[in-house]
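Open the model in your viewer and keep the sequence panel beside it.

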Amino acid sequence: MGDRFINEGVKWILLVVWFLANILAWVVSYITYANSDEFYYMRHLMGASLPVARASATCLNLNSMMILLPVCRNIISFFRGSCETNNYYRRNLRRQLDKNITFHKVVAYLIVIFTVMHVVSHCFNFQHLYNAASGESGELASVLSLRTTANGAKLNPIRVISKNSLGLGLVEKALVLLPGWTGAVLSLVLILMFSSATEFIRRSYFETFWFTHHLFVLYFAMILAHGALGVVSSQSNVAHHDPKVCYELYTEWPSEQCPNPEFVNGSASSWKWLLFPMVCYVFERIFRLYRAWHTIIITKVVQHPSNVIELQMKKQGFKMLPGQYIFLLCPSISRIQWHPFTLTSAPEEDYLSIHVRIVGDWTMKLKESVGGDQEGEQPVARLPKVAIDGPFGTASIDIFEYEVGICVGAGIGVTPFASILKSISERILTPDSDLKLKKVYFFWICRDTNAFEWFTELLTSLETRLAESGRSEFLEYHIYLTRGWSHRQAKNIYLQEEQEVDAITGLRQKTNYGRPKWDDTFKQIAQDNPGTPGCFSVGQRVYQVCYTNAAIVMPA
């Protein structure tokens with residue numbers, strides 16, 4: 001099978017393994033609390049919902065342990081870098097590491113699911129404890145409610161309603177307990193974090209997303225405190241007091257056959273699950289601060305058509321690979337907003353650059369701060385200070401492992417290929433280069449003509465350099481305009497059809513109008529290039545292009 005199928009297959013296998021791990025953890029914990037004699041009397045007090053609550057808590061600990069690790073981007077980058085070899089299995093492992101945010105979202109969904117199960121189960125548990133404390137659950141439940149654990153705590157933490165009660169009954173009694181109010185805070189925090197993580201909030205109200213997501217500190221503090229009292233106690237003298245026999249003889253306690261049952265509080269276990277990821281995340285944040293302190297100099301600001309600006313920067317000791325990305329911070333705009341941008345410079349160039357499309361408040365402020373809204377070039381001394389974190393890898397850099405590469409981009413999502421195409425042109429012109437690539441197919445789909453303007457400058461330069469070196473056939477690019485042309489433009493396009501250069505882009509290869517016919521295109525590529533090409537797509541709209549057509553160009 002082709003790499004794309006195997007890559008997708010490995011992704012689903014890993015997700016299935018994680019789901020199975022959760023199911024196994026839930027079932028084992030449920031069986032323990034549902035069948036163990038140590039919890040016989042606690043089940044009598046709390047009811048059948050106790051095992052469900054404890055099993056859900058186990059899975060919450062498991063997923064809370066994993067939720068931080070996928071966002072430790074520097075740690076992931078370290079492991080990704082250790083896989084930078086031509087080994088087939090390491091290459092596929094590297095691609096799975098690129099799906100860290102996808103896994104982070106999956107774990108978040110599981111946390112929400114198990115939180116709902118845990119909260120609902122505990123609502124029943126507290127109701128049963130309340131009934132036991134008020135004598136509504138029978139005499140044995142009332143007797144057990146008065147029992148104490150080895151450290152003097154009541155087996156039933158809920159007391160009979162006092163005359164000074166606020167009248168809230170069960171809710172009041174539950175919230176005054178440490179597990180009650182910490183659980184309420186946990187639920188509220190989770191609701192805020194989850195609801196503000198939607199794509200709309202992230203794109204339109206980034207600071208709202210940032211602030212609410214950083215409530216994870218409170219989330220972890222509460223989850224550590226939530227089980228500190230060990231409300232779910234276990235019986236410690238089961239060998240001398242068999243609860244299955246003695247529960248019917250509770251009126252005779254203590255007796256030779258049934259001495260008084262002895263209980264110990266449950267031990268807090270969340271810290272055992274969370275210690276390692278929290279330590280990892282602390283080191284991750286320290287390393288981010290360390291990198292942010294390094295001096296970054298903006299050396300040049302270039303204004304491109306289509307409301308795009310290019311920032312050229314220098315950072316001492318900075319190393320990158322084609323197709324990688326960085327996170328950019330501009331403190332003069334916001335000290336908390338780190339935004340990801342693909343590097344458009346090549347490793348062979350003596351600077352690093354990004355192209356920024358002005359589409360929102362933050363990018364507009366960035367344009368204003370670097371003088372992009374003014375005529376003429378701004379002095380370097382007047383440009384704002386910035387910090388970067390990265391670079392981080394993407395699967396696009398694997399194109400250099402193939403003899404034939406297929407690149408598919410849409411709109412501004414084409415930026416990763418800018419770095420790759422630049423690097424390819426530099427390597428082609430280097431006599432001693434060990435470039436494995438022999439042919440590159442580049443497909444770019446845009447909605448309107450304005451999107452072409454800034455990137456065609458790079459394609460024109462690359463086209464000229466390849467022609468001068470006698471390698472014109474190396475790059476075959478196809479640009480598709482899906483909409484956005486007027487009747488007048490269509491007429492001009494028709495009249496200039498016989499010209500050597502395209503009427504819109506000015507390139508030698510003509511623009512196509514409409515959407516690509518991928519089946520025919522990939523069949524032709526497979527016919528012209530025996531072997532296994534590498535297919536790389538960037539952008540949500542074209543992500544499935546390579547995957548759905550993989551069978552055509554990547555035979556089993």
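**Charges over rings**

Select Lys-439 and Tyr-441: Lys-439 lies over the face of Tyr-441, at 5.4 Å from the ring centre. A charge sits over a ring here if NZ of Lys or CZ of Arg is within 6 Å of the ring centre and within 35 degrees of the ring normal. Next select Arg-73 and Phe-327, where Arg-73 lies over the ring face at 3.8 Å from the ring centre.

This is a predicted model: local features need pLDDT of at least 70, side-chain atom pairs count only at pLDDT 80 or more, and totals for chains, interfaces and linings use all residues. Residues are numbered from 1 along each chain as its sequence is written, and side-chain values use heavy atoms, with hydrogens and water left out.

**The chain as a whole**

Zoom out and colour by secondary structure. The chain has 21 helices and 13 strands; helices (H or I, at least four residues) and strands (E, at least two) are DSSP runs, numbered from the N terminus. Of the 556 residues in the chain, 47% are buried. Buried means under 20% relative accessible area, exposed over 50%, and partly exposed in between, with a 1.4 Å probe and protein chains only.

Contact means heavy atoms within 4.5 Å. Among contacts between residues at least 6 apart in sequence, 75% join residues at least 24 apart.

**The strands around Phe-327**

Return to Phe-327 and show the strands. Its bridge partner in β8 is Asp-389, while Tyr-325 has Phe-392 as its bridge partner in β8. Strand β5 (residues 325-329) and β8 run antiparallel and are joined by four bridges. Two strands pair if DSSP finds at least two bridges between them.

Is strand β8 (residues 387-392) mostly covered or mostly uncovered? Strand β8 is mostly covered, with six of its six residues buried.

**A second sheet**

Select β3, β4 and β7. They form an open sheet of three strands in the order β3-β4-β7, with antiparallel pairing. At the edges stand β3 (297-304) and β7 (352-357), each with a single partner strand, so one side of each has no neighbour in the sheet. Here the twist averages 20° from one strand to the next.

Now look at β3 beside strand β4 (residues 308-314): the two run antiparallel and seven bridges join them.

**Aromatic pairs**

Show all Phe, Tyr and Trp side chains. Rings of these residues (the six-membered ring for Trp) pair if their centres lie within 6.5 Å; planes under 30 degrees apart count as stacked, over 60 as edge-to-face and the rest as tilted. By this rule there are 18 aromatic pairs.

Start with Phe-216 and Phe-220, an edge-to-face pair at 6.3 Å centre to centre and 85° between the planes. The two are four residues apart in helix α12 (residues 216-226), and so about one helical turn separates them. Both Phe-216 and Phe-220 are buried.

Then select Tyr-40, Tyr-41, Tyr-247, Trp-253 and Phe-263, which form one aromatic cluster.

**Ser-270**

Go back to helix α14, where Ser-270 lies. Ser-270 counts as buried because its relative accessibility is 13%. Which residues does Ser-270 contact, leaving aside its neighbours within four places in sequence? They are Asn-61, Ile-223 and Leu-224.

**Confidence**

Finally, colour by pLDDT, the predictor's confidence in each residue, from 0 to 100. The chain has a mean pLDDT of 80, and 81% of its residues reach 70 or more. Among the elements of the chain, helix α3 (residues 49-67) has the highest mean pLDDT (95) and helix α21 (residues 550-553) the lowest (45).

Over residues 550-556 the pLDDT is below 50, and this stretch has 23 contacts in the model beyond near neighbours in sequence. Over residues 163-167 pLDDT stays under 50, and the model has three contacts for them beyond four places in sequence. Where pLDDT is low, the predicted coordinates should not be read in detail.

How values were computed. Axes fitted to C-alpha atoms, helices over the stretch in contact; angles between N-to-C directions.
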